Amino acid sequence: MEALGWWGVPLAVLGGAIRGSTPFLFVSLGECLTEKSGRINLGLEGTLVMGAMSGYGVSYLTGSPWLGVLVAGTCGMVLGAVHASICARPRVNDIAVGIALMLFGLGLAFYLGKPFIQPNAPRLPAIPFGWWSESPQVRAALEVNVLFLIGAVLAPGLLWALYNTRWGLAIRAVGDNADAARTMGYAVDRVRLLGTVAGGFLAGIGGSFLSLYYPGSWNEAISSGQGLMAVALVIFARWNPLLCLFAALLFGGAGALGPALQSVGITSGYYLFNAAPYVLTLLLMIATSSTQRTLKGAPSELSVTK
Amino acid sequence: MRLLGGSPRGAAEALTIPAGALAVSLILFGMFVALAGANPLGVYETIYSGAFGSWFSWQNTLQRATPLMLTALCTALPARLGLVVIGAEGALIIGALATVAIASVLPGASHWPVITAMMLAGMSAGGLWIGLAGGLRYYRGVNETISSLLLNYIAIALMNHLVGGPMRDPLVLHRPSSWHVGERNMIGLIPGMDVHWGLVLGVVGCIVTYVLMQHTVFGFATRIVGGNVRAARMAGVPVGRLTLVTCLIAGAAAGLAGTTEIAAVHGRASTSLVVGYGYTGILVAFLARQNPLAVIPVAILLGGIDAAGGLLQRWHDLPDATVYVMRGIIFLVILASEPVYGRLRVFQQSVVAPSDGVVPREAA
Amino acid sequence: MLKVAAKYPKVQFLHGGPTVWKEGMPTNAGSYNGFIDEAQYIAGIVAGYTSKTGKFGFVGAKPYPASLRNINSFTLGARTVNPKAMTQVIFTGDWVLPVKEAEAVNSLADQGIDVVTCHVDSPKVVIETAEKRGIFSSGYHVNQSTLAPKGYLTGAEWNWEKVYTDYVNWLREGKSWPHMRRGGLRAGIVRNAPYGPAVSEKARKQADDAKAKFTDGSFVIYKGPMKDNTGKTVIPAGKSYDATDIWLESMDWLVDGVRGSTRS
């Protein structure tokens, strides 16, 4: 294999964008739905890790990684339902519940996941999109997992659905003005429940990607905070599912920067490069937030924008 | 009585409802461990003895509670303004780095000035870190929960970079660590105990901030802002200044926790600072319902649970994650019990029924 | 640990790692460690024969002396086969960072490296990602050959079973036991994994010869003249450091032939 030299860096960023974006993508799409309905769910980090653990465990026990993905989504739905039902009670702070659920989800995942750290579970397959290239490196970077493709289609699909279907309307109505939605006949809490459960489902699937495809293993440090960063991602994607896709690609790519730079000899400052996604998020949030205009597209019922 | 809720009913509620929630959590947790094959009663007993059963366990508990008291303030104080700040972890680390840095530029000075300088450095650095989040919120509308979270990650990365490179002590081998602050500059143990003076700092910090929040004009103003920002602005309350000052104090508390971690425990900065004191502090703050005085017993409770964690592993064959599950359950139940306040008939003042037979509901 | 050991004289405290027990410390405490870098040296020989590009990759967590020693020994072993061998190091920043470890292997493979090894808490991700990229891998801590049936060459493993059984037996028999116990291939505290299918006959022979030299105690890895990767001479000609030498425990340099830095 010929060395790529400096070309290795953008290739790694591209590969990282494809490989690393999927968890961000699914969690942010899920959180987008939840927040559009007026709730913020910080517990998705716990849901992500629960999804990773349950997906891997089920795949190991049953031999089917796709079943693992499904079960991961189901676990996410359960955790989402817990979030929604507690938040539906009066005067409960949804941010606090999210943090509590994150702790609970993480604890539960670590607790149940101990037996699955060592064994080898069947993984999800990939589709080689780089068959046209002679270079094995390009071919490796363009190995795409089906979940990424599903997510990439889901993003514009959700955007369309939010503005063109009855369900989309219900979610947006409930998220923008709960009282008005109630007079229009929407069961506010039920719509929010569905939004949060759907969000949990997607987040669980995003977690299963981590353990069943890339990096393709289960252990307690599988997440580097993707669940929490995805919440930030949604805010600066302006609650637009399609922009969530682009932001997820950006984050995935930024995550590959540290190791890639070291491989071409830039050996100092790797901690700082590894912090790139977080700094990027913060800068983007500073650049795009404003006190004057209500954040465009922000669901008015969302506690963080009130 | 004013400590707890402003009225006898309020005080009674503030004690019994959390106690009830804790009881419910323990039951749920008991069911959980029973499913795992352990004996719930045995587990309760182990938790009790590991946390409070002997002088040794008490000290273990107090040791763990000490940083929690300060990091909890980092969440509890901005909560008065209606802000949800989760940046204690980052502020602690930045405070710790500042502590090491200042000790290194005052090598010849004697014990007390250095300790004072370290504490001030830690508090200033931590204060500025959270103040940044507060400022971004006020001046740019950046959500403080997310910005303080991101600042946590950035602080950890910065710490790792500095102790691995520019601030590194090359003689320390087993993990990249910063220079030592100097043995004679360390904070010692409280006489007769195995716990360091940081405990006193924590308790004092909680009491002082409590008085600040409950009994001063400043505290009163923050509560107005927390109630309704627009109304506060219209009433002429300087919201921006209050936000910044509150965040500075909150960050100073967490930064002070960083100082004590360095000056009383580790002596140098390294990854052993990153053990989740900040995140547990968030939990303490919420369980204490953002009341700085209640933070003291809640921190002790959570310190006790953590202290018992190791015993649970050894005596009941439960994985260390059991403690996280327990914390998660407690947190969820406490939050779910929020609506119960003001609604329990037991606590409602009995009122003579007016002639039309309608019993007015006590104002919440 | 020493503080607690002083408080509980009836309990024996043993610490695994590079910190060293010295005279004057409590006698109910001790430390043990293994020179796993000897096994990495052997792994380096095997890798040197198998690699087609002469480029090796090492995924590390932090520039910690034991890791640096592993990197250096591996490279020195490979260089006995290929004097131009080059090892590229990538530090992920922490002991368990699966996403970074996977990215590191991918970046290394992109640069034409065809053998990777590592020093992280769980080599699983490194080995599996290497197998997915079709490059060779050499394991660490325990045997990971089932994870990479085609690409696994060998590995550097701990033999803790022997260490712990020995301690239990000594304590049971009431014998006096060494408070500072360190050893390598010869003492049986470390070992190499069985050779994988890709390892050639020549490689096996040279590796076995080297193992024999370790076992009869005649071989020293760190002898001068040796330069580090900044050109500085770290071991002058004529000087050598036996594996037990404490100087090696505070290694803070990377040998010539390694691309990487010990500072963050």
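**View 1. Strand 5 (residues 115–119) and strand 6 (residues 136–141) of chain C run in the parallel sense and pair over 2 bridges.** Pairing here takes at least two bridges found by DSSP between the two strands. Across from V115(C) you'll find F136(C) in strand 6 of chain C. Strands are DSSP runs of E with at least two residues, helices are runs of H or I with at least four, and both are numbered from the N terminus. Quick housekeeping: this is a predicted model, where local features need pLDDT of at least 70 and side-chain atom pairs count only at pLDDT 80 or more, while totals for chains, interfaces and linings use all residues. Residues are numbered from 1 along each chain as its sequence is written, and chains are lettered from A and ligands numbered from 1 in the order in which they are written.

**View 2. Zooming out, chain C has an open sheet of 7 strands.** The order is 9-7-6-5-3-4-14, with mixed pairing. Strand 9 (190–192) and strand 14 (258–259) of chain C sit at the edges with a single partner strand each, so one side of each has no neighbour in the sheet.

**View 3. Helix 2 (residues 36–50) of chain C lies across strands of chain C.** The strands it lies across are strand 3 (55–60), strand 5, strand 6, strand 7 (152–158) and strand 9, and helix 2 runs at about 175° to strand 7 of chain C. Angles go from 0 to 180 degrees between N-to-C directions, using axes that are lines fitted to C-alpha atoms, for helices over the stretch in contact.

**View 4. Over in chain A, helix 6 (residues 146–164) packs against helix 7 (residues 166–176) at about 80°, axes 5 Å apart.** That makes helix 6 and helix 7 of chain A roughly perpendicular to each other (65 to 115 degrees; under 35 is roughly parallel, over 145 roughly antiparallel, the rest oblique). A161(A), L162(A), Y163(A) and N164(A) of helix 6 meet W167(A), G168(A), I171(A) and R172(A) of helix 7; contact means C-beta atoms, placed from the backbone, within 7 Å.

**View 5. Helix 4 (residues 94–113) of chain A meets helix 13 (residues 321–336) of chain B, their axes coming within 8 Å and crossing at roughly 155°.** Helix 4 of chain A is therefore roughly antiparallel to helix 13 of chain B.

Notes. Two residues are in contact if their C-beta atoms, placed from the backbone, lie within 7 Å.
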